Amino acid sequence: MLTLVVLLWALTFGGSAVDIGDALGALQAKLTFTPPADAATARTYLQVWELRVPRVLLSLVAGAALAIAGVLFQGLLRNPLVSPYTLGIAPAAAFGASYAIVFIGAETGGLSSSAWVVVGALTVSVASSVFVLALAATKRSDPSTLILLGIAVTQFFTAATSALQFTADQETLALIVQWTWGSVNGAVWSQVLMVAALFLAVYPFVQRKSGALNAIAFAGDDAAKSLGVPVTSTRLSLIGLAVVLTAVTISFTGIIGFVGLVAPHIARLLIGSNHRFLLPFSAVVGGLLLVVADSVGRTVLNPAVIPVGIVDALIGAPVFLYLILAKRRAAS
């Protein structure tokens, strides 16, 4: 119920005023195939359905996907400070997108919709992650090995992206920086459907593995093996799914990094660490966090829009700190 209220509330924010009644009217008219009463109403309904609804839904599913990926990384690597970018996914995606912008070119408007930018970000991030996972498999997917490999890959692609920025002209450099900020500007229905379809395909499998994830996260590899959990295959398969979720999502939105770290922690502080409940609750928290962040970004400096990746960190960090300090006070 809270999610529906927040989604409707988010539809009212933007360059022009749209109240809750207009938003509900637009949704009802679309779902019931009811024609608008006049031209002004038609323009409002078109604005809501074609611009604001895809933007809000992409924020919701992207936040949920990144939050699930964060839960998987933190549990499987047994480290609460890791995020979906531990394996260097974000720096690799940034390099792929930057390469496409510099050498292939991208439209100034609707950068996130540029096919070449999406293909570049997705291809390089997935290829980099496959390389890291293949190397880690030779060490039986040891968590410390994965983290160290991720650090090395992160440094490499960060330097490579900086080299591209150094050689780019001012306009191209602005496009690269805009992509790395993370944004849902220009969200379209095809993006929403792709990310949502991937999330709905992956989530049931991940939820079924929550028991094995609990064993690995809380008992350790040896104890999990004694309980009959195939640790190596489980870790590699779930991390592989987390990589795909992250890579596909950020190829459309750009780098939105903080939600994958903070959403699992917020959920864990509120409901505990049992992954049977932590997975769905983290998805809800991540989705709502990104929807609220985008709504704030569209409002604070209206008509200018602050990229959601920036607002996400500005909102999430204080909330994260407050929950940590509140938990410590309660424990003492």
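These legends accompany several close-up views of a predicted model. Local features here need pLDDT of at least 70 and side-chain atom pairs count only at pLDDT 80 or more, while totals for chains, interfaces and linings use all residues. Residues are numbered from 1 along each chain as its sequence is written, and side-chain values use heavy atoms, with hydrogens and water left out.

**View 1. The largest nonpolar core and Phe73.** A nonpolar core is a set of buried Ala, Val, Leu, Ile, Met, Phe, Trp, Tyr and Cys residues joined through side-chain atoms within 4.5 Å; buried means under 20% relative accessible area, exposed over 50%, and partly exposed in between (1.4 Å probe, protein chains only). Among the 80 residues of this core, Phe73, Leu87 and Ile239 touch the most other members. Helix 3 (residues 39-76) gives the most to the core, with 13 residues; helices are DSSP runs (H or I, at least four residues), numbered from the N terminus. Leaving aside residues up to four places away in sequence, Phe73 has contacts (heavy atoms within 4.5 Å) that include Val82, Leu87, Ile239 and Val243.

**View 2. Arg276 in helix 13.** Helix 13 spans residues 275-299. Arg276 counts as partly exposed because its relative accessibility is 45%. Not counting residues up to four places away in sequence, Arg276 touches Gln207, Ser210, Gly211 and Asn214. Val206 is 70 residues from Arg276 in sequence, yet their C-alpha atoms are 9.7 Å apart.

**View 3. Val119 in helix 5.** Here, take a look at Val119, which sits in helix 5. With 42% relative accessibility, Val119 counts as partly exposed.

How values were computed:
Helix = DSSP H or I, 4+ residues; strand = E, 2+ residues; numbered from the N terminus.
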